[in-house]
Amino acid sequence: MIALVYCSFCGKEEADGDHAVCRQRLSVIDPPRYCPACARRMVVQVTPDGWTARCSRHGETASAR
Amino acid sequence: MTAAPEQIDVLDEAREQVLERGVGLTEAQVLKVLELPEERIPDLLALAHEVRERWCGPEVEVEGIVSLKTGGCPEDCHFCSQSGQFPSPVRSAWLDIPGLVRAARQTRDTGATEFCIVAAVRGPDKRLLSQVRDGIKAIREDGNDIQIACSLGMLTQEQVDELVAMGVHRYNHNLETARSHFPNVVTTHSWEERWDTLRMIRDAGMEVCCGGIIGMGETLAQRAEFAVQLAELEPDEVPLNFLIPNPGTPYENYPVVEGAEALRTVGAFRLALPRTILRFAGGRELTFGDLGAKQGMLGGINAIIVGNYLTNLGRPAQQDLDMLEELSMPIKALSQTL
């Protein structure tokens, strides 16, 4: 289980500041860009019905389709 | 005695000129439409919808798009999260052929007739063109006869000819904004270079898809200028995007276009381009939400991108398909496009 320490929209610590705008973007139009465990930028591929995001340290996650 | 010019209502003019005769509005008329007070927006949208029905018919063209090559672009388009010149979180990625085939299949399964393959590049190199060729071949071998469009940046004549030979029937290359505003948005190439590619595409017999993004700091006058410059190009399709202020880009702090302003723009562009496919593209989710999307469809739009975009997500395709059903708008069938 990976601890969700970082915001996957802005890459800053979840505990640092207000991430309401980040959450809104993630819920409407953005896939995750930063690994929530280590804040590395992920390689993201968006497809017509989903996305995959790969962190070089923590592996790949995908949208629920 | 005739009325003074300032007393003539631009929507009355449009009813006679655009609806009855199919002649698009002039730049000055488009500007008047863009300046209409908010209480006139319902009248504008109703007229734009009538124009669309009269000159384009009731069908809606549905399209899906996918990014074949993401990020790392050498150009500096200030709105774009895929430029390698800005500190955007978007990293480079290539979609492999099986992934491209799956994306085309997902698109076809929505009932879409168009599938656009997009790459973030100044123009295609041999590797990219080879990937596109192999991808189209694999899509066909998968039994998928969806129409294939491409968006690969600026082209040479030789590359145009190659795409025609591959069976690409439509090419997207957006002018993005008015000619007078373009140098504020892009400095690594010119509006005229884009125009040259568009002429080559048209001359080669491919359909021309050319639109832009609203909300990049352009004035209303420049928005009107853009609508008329697009009309001069006579594109088959105009995709209308609304700026998504993406992190790391020079426009990251620009405001999202307000719904009323966006609807006014939709109506104005329809009245400037009565016979063109006018497509809802990126940014509509932020600008309009669910209600506004319906208003747009009833205000001159006759095509949509369903599902996700290149680096941003869209509404689930089924949500848009349900909306079209609710609006009793038939989806254009593949047989009608061939």
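The radius of gyration used here is taken over C-alpha atoms, and the rule for a globule is 2.2 Å times the number of residues to the power 0.38. Keep that in mind for chain A: a compact globule of 65 residues would come out near 11 Å, and chain A has 11 Å, so the two agree. One thing to know before going on is that this is a predicted model.

**Chain A**

- Chain A has one helix and three strands, and along the sequence they come in the pattern α-β-β-β.
- The C-alpha trace of chain A spans about 35 × 25 × 20 Å along its principal axes.
- Of the 65 residues in this chain, 38% count as buried.
- Take the contacts in chain A with a separation of 6 or more: 24% of them join residues 24 or more positions apart.
- UniProt, in an unreviewed entry, places the feature "domain: Biotin synthase auxiliary protein C-terminal" at residues 42-64 of chain A.
- That stretch, residues 42-64 of chain A, is 65% strand and 0% helix, and its end C-alpha atoms sit 18 Å apart.

**Where the two chains meet**

- Chain B puts 24 residues into the contact, and chain A puts in 17 residues.
- On chain B's side, the elements giving two or more residues are β1 (61-70), α4 (97-109) and α11 (284-287).
- Sorted by class, that side of chain B has 12 nonpolar, 10 polar and two charged residues.

**The nonpolar core**

- In soluble globular proteins, nonpolar side chains tend to be buried together.
- In this model, the largest nonpolar core has 112 residues. Among the members that touch the most others are Val30(B), Ala227(B), Phe269(B) and Ala272(B).
- Helix α10 (residues 259-272) of chain B supplies the largest share of this core, with seven residues.
- Zoom in on Ala227(B): leaving out residues up to four places away in sequence, it touches Val30(B), Ala268(B), Phe269(B) and Ala272(B).

- Helix α3 (residues 41-56) of chain B has 16 residues and reaches 21 Å from first C-alpha to last, close to the 22 Å expected at 1.5 Å a residue.
- Buried residues in α3(B) include Leu44(B), Leu45(B), Leu47(B) and Val51(B), and also His49(B) and Arg52(B).
- Gly57(B) follows α3(B), and its phi is positive too, near 95°.

**Three cysteines from the record**

- UniProt lists Cys73(B), Cys77(B) and Cys80(B) under "binding site", again in an unreviewed entry.
- Cys73(B) is in the loop between β1 and β2 (93-94) of chain B, and Cys77(B) lies in the loop between β1 and β2 as well.
- Is Cys73(B) buried or exposed? Being buried takes 20 or more other C-beta atoms within 10 Å. Cys73(B) counts as buried because it has 22 C-beta neighbours inside 10 Å.
- Cys77(B) has 25 such neighbours inside 10 Å, so it counts as buried.
- Setting aside neighbours within four places in sequence, Cys73(B) is in contact with Cys80(B), Gln82(B), Ser83(B), Gly84(B), Ala120(B) and Val121(B).
- With residues up to four places away left out, Cys77(B) touches Ser83(B), Val185(B) and Val186(B).

**A glycine in a loop**

- Gly24(B) lies in the loop between α1 (10-20) and α2 of chain B.
- There are 24 other C-beta atoms within 10 Å of Gly24(B), so it is buried.
- Beyond its neighbours within four places in sequence, Gly24(B) is in contact with Val18(B), Ala231(B), Leu271(B), Ala272(B), Leu273(B) and Pro274(B).
- Gly24(B) and Leu240(B) are 216 residues apart along the chain, and their C-alpha atoms are separated by 17 Å.

Key:
Residues numbered from 1 in each chain as written. Chains lettered and ligands numbered in written order. Predicted model: local features only at pLDDT ≥ 70, side-chain atom pairs only at ≥ 80, totals over all residues. Core = buried A, V, L, I, M, F, W, Y, C linked by C-beta atoms within 7 Å. Buried ≥ 20, exposed ≤ 12 C-beta atoms within 10 Å, placed from the backbone. Helix = DSSP H or I, 4+ residues; strand = E, 2+ residues; numbered from the N terminus. Contact = placed C-beta atoms within 7 Å. UniProt positions renumbered as here; feature names shortened; annotations may be inferred. Nonpolar A, V, L, I, M, F, W, Y, C, P; charged D, E, K, R; others polar. Expected span 1.5 Å × (residues − 1).
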